[in-house]
Amino acid sequence: MSAAPESRAWPAEGITRVPYWVYQDEDIYAREQERIYRGATWNFLGLEAELPDPGDFKTTFVGEMPVVVSRDLQGALRCFENRCAHRGALLCLKGRGNTKEITCIYHNWTYDLEGNLTGVAFRRGVRGLGGMPEDARPESEAPRKLRVATFCGLMFATLSEATPSIEQYIGPEVAAKIRRVMKEPVKLLGGYSQALPSNWKLYFENVKDTYHASLLHLFFSTFRLNRLEQKGGVIVGGEGGSHVSFTMMKTDLAGDEYERAGMRSVSGGYRLEAPQMLESVDEFGDGVTLQILTVFPGFVLQQIMNCLAVRQVLPKGVAGTELVWTAFGYVSDDERMAELRLKQSNLVGPAGYISLEDGAATGFVQRGVAGASARASVVEMGGRGVESNESRVTETSVRGLWQQYRRHMGL
Amino acid sequence: MDVELQLTVENLLSRYVHAIDDDRLQDWPGFFTEKGRYRITTAENYERGLPLSIIYADSRAMLHDRVSALRHANIYEAQRYRHIVSSTLVERIDAHSARATSNFQVVRIMHTGESMLFASGRYLDRIRMNGDGGEPQFEERVVILDSRSVDTLLAIPL
């Protein structure tokens, strides 16, 4: 199922329609790698706290491109392609570690932690025989270096010189909400990955879709954690692909919109035997119990009560996505707070009370549209534009994603 | 080797997986003591000493909540598991408790007919030999997944 991107025309309605070929087409996927991931975007790499010491490194991806992220011996963060200059083998095979130099296992070429080629085995041959010509310049094929930016302890990288500063890219209003959560030194609690059976954009839309949260995730609604009548809002920032949505739980008006509409989301009488899990602490002092934030093309920051995590959305082929979850608390957490965060982590991840459905729902779309590449989804909740909104019965941030996506893709 | 202890523990492990695979989730919390702990984590987190779990419960009540949510709140496609448990090593701690380590594999069978190796790993158990009604029960069951990645979602417990 593929056609030249040039022959793909976006529906005339614009960002209120998303053509299904965008989740299916191999050529579109290839163009995304070039124009989005290797283009003028900031790609999330992880938390700075993962690399506390000089010599620390981790391997991850920018789109499909494997990269090494390191803290060099002077303490600066670096990111470079995980590809040997010689034959293109992976330089770093481990997920993480600490080292002074990196050696390609194939032919023992060595690199420093900035990604510079520092040694070619037998470059001058052995006893005057073999070796490279005097004028050989293998450095010309050295791994590409990415620009690294950190913002509030979050690491991002870009291959493009044209990408604006990270704060400008995220937008001031959304950046302020990152500062809100990343307010002090963080402590890693752990992580895991979720393999999603869907195109990366279906998951990224899902995170931005404030409309679905209380309709698909019954756990929320039953305990009135995110009833749409609660006070909250959506802010869209940057080029449209950044967003933050938030809810203030204690402002629940106990309305009956769900009951009157007879929706599946509400069933009476369901109570927890161990409700301590939901006894959250207002650690930000603003009453916001839930904040979900995204930055195009693959960053999610989550505060669900006291459960804090970042998620990295990695494309794995047209119909696959790896969702890398990293949970954190603060260095200042006492034992009780640490325990509360671990308990509330039951809400998220592949077994999360309020996130379990997302893995399946995006797959249902991928499967549902298999015979409908020429058709389109309807994204008109909350109007047709991209603007911040006090209501969360809106798809404004989903439209924002498509606005930025189309600009980068030239679609 | 304490043959009776070995057989008693293996019988508990077998009854546990049959209850899950037969979709008798309502029986699942009863395999734990009232303050029983259950968690699923990855080998990576475990080896790095990081405390995050995929599922975390520190009481039987929390396990009841997990079952209620699966039955009444969470939405997922119909699926079943088939657990294979083997290589159980048992070690007595004292007169009333024992430690056990086992390997497991879980095949997930979707309603569409797709079967896949969904999970492999270890069970690290601490068992009270004379729990409710004199039956052995888990004081703690730590499920350590070999892989850091879970396919799609993990609804039914392991």
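In this predicted model, chain A and chain B bury about 3,300 Å² between them, with 55% of that area on carbon and sulfur atoms. The contact draws on 39 residues from chain A and 35 residues from chain B. Over all chains, the count of salt bridges comes to 37, and three of them cross the interface of chain A and chain B.

**Interface of chain A and chain B**

- A:Y192, A:Y353 and A:L356 together supply 17% of the area that chain A buries against chain B, more than any other three residues.
- Between the two chains there are 21 residue pairs in polar contact, both residues being at pLDDT 80 or more.
- On the side of chain A that touches chain B, two or more residues come from each of β12 (186-196), α6 (218-222), β18 (321-330), α8 (335-344) and α9 (356-368).
- Strand β12 of chain A gives the most to this side, with nine residues.
- A salt bridge joins B:E77 to A:R367, where the closest N and O atoms are 2.8 Å apart.
- A network of salt bridges links A:E50, A:K58, A:R96, B:E44 and B:R148.

**Surroundings of A:R180**

- A:R180 lies in helix α3 (residues 172-181) of chain A; its relative accessible area is 13%, so the residue counts as buried.
- A:D286 forms a salt bridge with A:R180, with 2.5 Å between the closest N and O atoms.
- Because A:D286 lies in the loop between α7 (257-261) and β15 of chain A and A:R180 in helix α3, the pair ties together parts that are 106 residues apart in sequence.
- A:D286 is partly exposed, with a relative accessible area of 28%.
- The side chain of A:R180 also makes a polar contact with the side chain of A:Q291, at 2.9 Å.
- Leaving aside neighbours within four places in sequence, A:R180 is in contact with A:F284, A:D286, A:V288, A:Q291 and A:Q303.

**Further salt bridges within the chains**

- In chain A, A:E380 forms a salt bridge with A:R17, the closest N and O atoms being 2.8 Å apart.
- A:E380 is in the loop between β19 (376-378) and α10 (396-409) and A:R17 is in strand β1 (residues 17-19), so this pair ties together parts that are 363 residues apart in sequence.
- A:E380 counts as partly exposed at 26% relative accessibility, whereas A:R17 counts as buried at 18%.
- In chain B, B:E139 forms a salt bridge with B:R126, with the closest N and O atoms 3.2 Å apart.
- B:E139 belongs to strand β6 (residues 137-145) and B:R126 to strand β5 (residues 115-128) of chain B, 13 residues apart.
- B:E139 is buried, with a relative accessible area of 17%, while B:R126 is partly exposed at 31%.

**Backbone features**

- The peptide bond from A:F296 to A:P297 is cis, with omega near 5°; A:P297 is placed in the loop between β15 (290-295) and β16 (299-304) of chain A.
- B:D23, although not a glycine, has a positive phi of about 60°.
- B:D23 is found in the loop between α1 (3-21) and β1 (32-42) of chain B and is partly exposed, with a relative accessible area of 34%.
- B:S87, a residue other than glycine, has a positive phi near 55° and is found in strand β3 (residues 79-94) of chain B.

**Nonpolar surface patch**

- A:L90, A:L93 and A:I105 form a nonpolar patch on the surface, with about 330 Å² of accessible area together.
- A:L90 sits in the loop between β5 (77-81) and β6 (96-98) of chain A and counts as partly exposed at 41% relative accessibility.

Technical notes
Residues numbered from 1 in each chain as written. Chains lettered and ligands numbered in written order. Predicted model: local features only at pLDDT ≥ 70, side-chain atom pairs only at ≥ 80, totals over all residues. Heavy atoms only, no water. Patch = residues over 30% accessible without salt bridge, like charges linked within 9 Å, V, L, I, M, F, W, Y side chains within 5 Å. Areas by Shrake-Rupley, 256 points an atom, 1.4 Å probe, with all protein chains shown as cover. Salt bridge = Lys/Arg side-chain N within 4 Å of Asp/Glu carboxyl O. Helix = DSSP H or I, 4+ residues; strand = E, 2+ residues; numbered from the N terminus. Buried < 20%, exposed > 50% of the residue type's maximum accessible area, 1.4 Å probe, protein only. Contact = heavy atoms within 4.5 Å. Buried area = accessible area lost by both parts, 1.4 Å probe. Polar contact = N/O pair within 3.5 Å; in protein donor to acceptor, adjacent residues only side chain to side chain.
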